[in-house]
Amino acid sequence: MKISDRVFGVILICFSIFVLIYSRSLPSLPGYKYGSGFFPSFSAIFILGCGILLLVRGVRLKDKLLVLGDWTKSPTLVANICLIPASVIFYILVVNYLGFVPTVIVMTTFTIWWLRRRFVSSLVVTTISAVIVYVFFSKIMLVPLPAGFLGL
Amino acid sequence: MMDSLIQAMHLVFQPQVLLVMLASSVYGIVIGAIPGLTAVMAVSLIMPIAIFLEPVPALAAIISCDAMAVFAGDIPGTLLRMPGTPASGAYTDDSYKLTQQGKAEMVLGANCFFSAVGGLMGLLVLITAAPMLAEVALNFSTYEYFWLTCLGLTCATFMTSKDTVKGIVSLFIGLFITTVGFDMITGQPRFTFGSIELLAGIHVIPVLIGLFAISEIMRRVSSTTPPDASYDGKIGHIYKGVFKLWRNHLPNFFRGNLVGIVVGALPGAGADIAAWLAYAISKKFSKTPEKFGTGHMEGIIEATSANNSALASAWIPAFVFGIPGDVTTAMVIGILYIKDLKPGPTAFIEHPEIIYSVFICFAVANIFMLILGYYAIKTFRHILRIPPFVLLPIILVFCIVGSYSINNSLFGVAVMLFFGVLGYIMEENDFPISPMLLAIVLGALLEKNFIISMVKSSGNIADFFERPIAGSFAAIAIMIWLYPLFRKLYRVMRVKKA
């Protein structure tokens, strides 16, 4: 998925202007011209310069704003790629209610089933993995994984 | 020194440390041998576990995992023409052509043997060069560190970017990210927008898991080429004739190691660049360059030695100056800070046993490689049986737990997701991600050294150039910055003359 340098240029210019404005509100060290805002402003100036360069380059090249990759022609592959962030979002939203083990079992079983279309093996592999990860991190490494209403 | 060495041996030769090394080696081999899964990804996934280990087992796990993954990348490259890691990509064609000629055992034996010996050569340089450089570095002030950090970030940007402008963008976005949270000098919150989570800043571990693992998972599940691959051939005795091969290719072996050591020690470069450069140099100096790409051992020996020797030498700038030599050592520096073991020249005085432990771990990992490599090659077809579409969602669970465990907060998981998507978009559009990671690791150091230097010099910029070493670093850095401009001017002038 190729995005035009023009788009990146505009995004970077807007971002750097925002950082520059925000940095002006940060206080300086007493008696000096620089302080908390110096380093973000310094980064923003370079990002702004690169944004302008990318914008100019994109305008000169007159390339398309968006060139979709081969995978976008396949609805399955589009769903596959969306599934990864969707799984993480599902985890973030649900884990405190369901608990770590049930959330991982639901999330991973569905993901593997979607990718391979084999439900029983997905469920078995996922359950074993979830329990191993839970025991390793929660019981051995003592990471307080979200327990949920079941306490798992 | 002897006391520290004995103490280090006690620290390393503990059953639990050796067990951690063995487990991480096996894990590194599995990830490295699966085409598309990189050594960096393997190391980034081991980080959440390393954080909970004692310093020596944590470093031992990273060293073993990295060395094994880089070596194991050679196996699918040789047998299937699908390099497991980018570091193996340089000589994949030659290796595969030799496999087609029925010489798979010879190539794989050479891969394993020269990788292990290359790793040991890199270690030898690490042992000799690091303490000497550390003595010099003890005299460094904030000015030297400021320029050295600039130099490291510059090398990372210029060496890893096909498109310099995009490399610079990646670098400065990374530097900006380090400014989020409390400013350590003034205590002022920056870019937190009222979020309590953001006050502590953005932790490097969820960022790197996102950039390297989540983006890779997204790329793999949307790949248009089928992920399944298989190998049905049989592999015999891999070390048969390997010493004869060594004798016949001694110049290639030494040159490959030299290239690996030099490139590895450069901040920002790493095993991938070392392997490609060693292969190109080998071809340049070969009496039979026309044979390269058709199944020639010269390039394979030189590049496979280079990629593993680079792994050890990358630790030189990391240990001596606290400036990472590659992405893996950038992660190591993150771990060292978490463990309260500040890298830098004082580390050689304050905790030399940890430094010596790292040396010993490197040696042990490379010896493990000779043994485990043999079995890895023998069982390769079984590793390939692990369906990627089962493995990837499970890796995703590890990513989530790893990001969560940093602060026991779902905020880390959200950060990981954000940087995963960002890393995916960046790589799809030729923005390199290594400069961003190195900037996130080094940004705070750069800002701190700059502000302290400015306060020391009462705002006089000239002080940054007055000390001899600082001035030399500054000159090199400024020359690298201006090089593209001069090159462009030179071209314009040549065109005008013509």
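In the predicted model described here, the axes of helix α3 (residues 39-50) of chain B and α11(B) come within 9 Å and cross at roughly 135°. Axes are lines fitted to C-alpha atoms, for helices over the stretch in contact, and angles run from 0 to 180 degrees between N-to-C directions. Helices (H or I, at least four residues) and strands (E, at least two) are DSSP runs, numbered from the N terminus. The angle makes α3(B) and α11(B) oblique to each other; angles under 35 degrees count as roughly parallel, over 145 as roughly antiparallel, 65 to 115 as roughly perpendicular and the rest as oblique. The two helices, α3(B) and α11(B), form a left-handed crossing. A crossing is left-handed if the near helix is turned anticlockwise from the far one by less than a right angle, and right-handed if clockwise. From α3(B), the contact draws on V40(B), M41(B), S44(B), L45(B), M47(B) and P48(B), and from α11(B) on I205(B), L208(B), I209(B), F212(B), A213(B) and E216(B). Two residues are in contact if their C-beta atoms, placed from the backbone, lie within 7 Å. The residues of this contact comprise 10 nonpolar, 1 polar and 1 charged, where Ala, Val, Leu, Ile, Met, Phe, Trp, Tyr, Cys and Pro count as nonpolar, Asp, Glu, Lys and Arg as charged, and the others, Gly among them, as polar.

Residues are numbered from 1 along each chain as its sequence is written, and chains are lettered from A and ligands numbered from 1 in the order in which they are written. Because the model is predicted, local features need pLDDT of at least 70 and side-chain atom pairs count only at pLDDT 80 or more, whereas totals for chains, interfaces and linings use all residues.

The crossing of α7(B) and α13(B) is right-handed. In α7(B), F114(B), G118(B), M121(B), G122(B) and V125(B) meet residues of α13(B) that include F253(B), G256(B) and G260(B). This contact of α7(B) with α13(B) contains 5 nonpolar, 6 polar and no charged residues.

Among the residues in contact are R255(B) and V259(B) of α13(B) and L277(B) and I281(B) of α14(B). The contact of α13(B) with α14(B) divides into 7 nonpolar, 5 polar and 1 charged.

Between the chains, 42 residues of chain B are in contact with 45 residues of chain A. On the chain B side, two or more residues come from each of α9 (164-177), α11 (204-221), α21 (388-407), α22 (410-428) and α23 (434-456). The most, 10 residues, are given by α21(B). This side of chain B consists of 29 nonpolar, 9 polar and 4 charged residues.

Chain A is assigned domain 1 (2-67) and domain 2 (71-140), with bounds from an automatic or database domain assignment. The C-alpha centres of these two domains of chain A lie 38 Å apart.

The model scores ipTM 0.94 and pTM 0.80. The mean pLDDT, the predictor's confidence in each residue, from 0 to 100, is 89 for chain A, with 99% of its residues at 70 or more. For chain B the mean pLDDT is 84, and 96% of its residues reach 70 or more.
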